[in-house]
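Here is a short note to read alongside the model. Take the points one at a time, and find each residue in the 3D view as you go.

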Amino acid sequence: MKNISYLIQFEESWNSAYSKTGKPRYNTPTTIEITSFRFVDILNSLSEFNDSKCEEFDFEKSRDYLYSLIPDNFIGKVMNNRKNISDFMPVCTGIGNIIATAVISERFKNILEEFPLSSKEYILKNIDIYLKNERLTDKYYLMIMPYVPRTELILSKCVYVKESISIDSDEVVQFSDDTEWKNNWIKYTPIQFTLPAKYKQLQMLYIYNRLFISYPLARKLMSSDLTGFEYGRIRLFFDEP
């Protein structure tokens, strides 16, 4: 197996202030709400399309169909009037486990264009973003990616730890089949995913509500001064002979 992909996640942090329950408050990232399009409207269409195919999931056909449903221009607003606008921000769609969406800045877009990503790995659409009824003057894009369904994971080669245990713990768990996973997954945190080798040529992958990027792209982003993201501990491997 070859490890080439790193998890990228939206930047979040613990606040030193405490709530009335005595628990620390959790600062969620600045989130964009799409006001010009209901993503949920394409949910049934996409699900029916995949259900109509053969038993084996066809990533490329599902991706192309998804892209055909997306309009060219969007309007969005900053939720809760947050002022800390970032280069990489999550989007509230209501169907997060079906489509990967993020709003990215012009600078983030420029870095993506330096890498040999397939033109179909993601699509960018223009988006006008409003904060307190005023349109932001900087250029932003809605980045959309298809998802790789959880059923594509090679469960016997994925690794989990109990949520109460440190992610560096040696007490790891691997599930033998889908039934075992469904009965126990909520108790565990993933630290390693494994996909079939057919996905290894992609620079970016969205699976299990998480975005993974290739090591070269991760290094470039880490050396930049872009804001709004951080790197998680989950690694993505590809199964090779």
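**Notes on the salt bridges**

1. Let's start with E114 and K220, whose side chains form a salt bridge with an N to O distance of 3.4 Å. E114 sits in the loop between α3 and β8, while K220 belongs to helix α5 (residues 215–222), so this pair ties together parts that are 106 residues apart in sequence. Please keep in mind that you are looking at a predicted model.

2. Is K220 buried, partly exposed or exposed? Its relative accessibility is 31%, and K220 therefore counts as partly exposed, because that class covers values between 20% and 50%.

3. While you are at helix α5, look for A218, which lies in that helix too. A218 has a relative accessibility of 1% and counts as buried, because the cut-off for buried is under 20%. Compare it with K220, which is partly exposed at 31%.

4. Which residue does K120 pair with in a salt bridge? The partner is D64, and the closest N and O atoms of the two are 3.6 Å apart. That distance qualifies because a salt bridge needs the nitrogen within 4 Å of the carboxyl oxygen.

5. E152 and K198 meet through their side chains in a salt bridge, at 3.2 Å from N to O. E152 is in the loop between β10 (140–146) and β11 (159–162), and K198 is in the loop between β13 (188–196) and β14 (204–207). These distant parts of the chain are 46 residues apart.

6. Is E152 buried or exposed? With a relative accessible area of 12%, E152 is buried, whereas K198 is partly exposed at 39%.

7. Finally, how many salt bridges does the structure hold? There are 14, and the pairs E114 with K220, K120 with D64 and E152 with K198 are among them.

Terms used:
Residues numbered from 1 in each chain as written. Predicted model: local features only at pLDDT ≥ 70, side-chain atom pairs only at ≥ 80, totals over all residues. Heavy atoms only, no water. Helix = DSSP H or I, 4+ residues; strand = E, 2+ residues; numbered from the N terminus. Buried < 20%, exposed > 50% of the residue type's maximum accessible area, 1.4 Å probe, protein only.
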